[in-house]
Amino acid sequence: MVNYRDEIRRDCEELLGRFQQTESVRFEHFSNIWRDMKFSEIFFGIKEGNMRRAFSRQVLATAYRYFLPPFTFQIRVGGLYLLYGLYHSQLCTPNEKIRLALKDWKDVKKFERDAADAQHLDAVYILRHLLSQKAFHFTAMPAPLTYAVKRKAQSQSVCEAFMERASRLQELVSTDLLEEMSNVHEQYDQLKAVVFSPPGQPDSSVHLIREDIVPRLRSSVVDFNKWQKQSDSQHEDEEDSGEGTSEQQECSRRAELLASIKSKSYEHAIEASKSRRHRQIELTSNKTSLAANRVWQCRRKLSLKAKTNNNVQIKGILKNQTLKSTKVWRLSVPDTVPEEVPRKKKKFKW
């Protein structure tokens, strides 16, 4: 099966990018974009049955990424709508299910609670409709694993425009925290009313906290989010206006930096004092002579004979035998054969 993940990812990002421009989470707007792009025809290119099922598995796995954090709430809603449309427009019979890892189930339930609290009933209905149709296949891992198979980890590029900006304030002050604070505040008021003698009329001197602390905290978080969005939009406008001159400014900054480095390196030249200049010359000459001697010593290498004489030491009779030359054709002669007496050469007499 050919890997079409990059092409599928580009198509999904184009669809979700158009949905993001609407600044809405209504299914009506998403369905209009779906019909304009004719996105249901993505399954028409493959005719073989087994290849069609593998392709449907790739499409659903790619679209499933946009239904999970760290994407924004609007993109996650668009990812849910995308899964709903792809699940019902695939050509496999029976339909290929959406793999849902158990570690992601907590994020899915939290998404459902947030959508219900914000009264986004169309998103809640589609999620529950998929669950009722058993469209999800609950698995231990998001991708199937194979025993004793080495696979290279593929780096998946993430569209930064879909990412939710990290905010420490939003992480600390959540809806669960606000509900818990309101419950604690109510219990605190009830205990104060029970303690005092006239029931229901606590003394004003015992008011140690503000009565409207929870709504004030919620409003301050909302104001901070609005300010953050406005600052992001202003920053994007400034970047768009200064796109033309950004390269020129960067080149000029590099040139100025190089010029400053060169000027600093030539300005601060180190010079020895007059009383120690002769010592500096002698020191450098000694260093050069020592370096030359070391180089000459390194270049002289011992011969093989000299290395053998230094490493191997033979004494006694063996030393005399090693000095004689051996004849190859007499290596197998027995020990009883007498040694040959060298013949005397006749000298010519004049």
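The cover over the buried residues of α2 includes α1 and α4, where cover is counted by contact, meaning heavy atoms within 4.5 Å. This is a predicted model, in which local features need pLDDT of at least 70, side-chain atom pairs count only at pLDDT 80 or more, and totals for chains, interfaces and linings use all residues. Residues are numbered from 1 along each chain as its sequence is written, and side-chain values use heavy atoms, with hydrogens and water left out.

**Helix α2**
- F30, S31, I33 and W34 of α2 are buried, that is, under 20% relative accessible area with a 1.4 Å probe and protein chains only.
- These buried residues line one face of the helix, because they fall within an arc of 160° seen down the axis of α2; the arc is taken from the directions from the helix axis to the C-beta atoms.
- E28, R35 and D36 lie on the other side of α2 and are exposed, meaning over 50% on that scale.

**Nonpolar core**
- The largest nonpolar core holds 42 residues, such a core being a set of buried Ala, Val, Leu, Ile, Met, Phe, Trp, Tyr and Cys residues joined through side-chain atoms within 4.5 Å.
- α4 (73-89) is among the elements that each supply at least two residues of this core, and α4 gives the most, with nine residues.
- Leaving aside neighbours within four places in sequence, L86 is in contact with W34, F39, I42, F43, V59, L60 and A63.

**Whole chain**
- The chain has 13 helices and two strands, taken as DSSP runs (H or I, at least four residues; E, at least two) numbered from the N terminus.
- Of its 350 residues, 23% count as buried.
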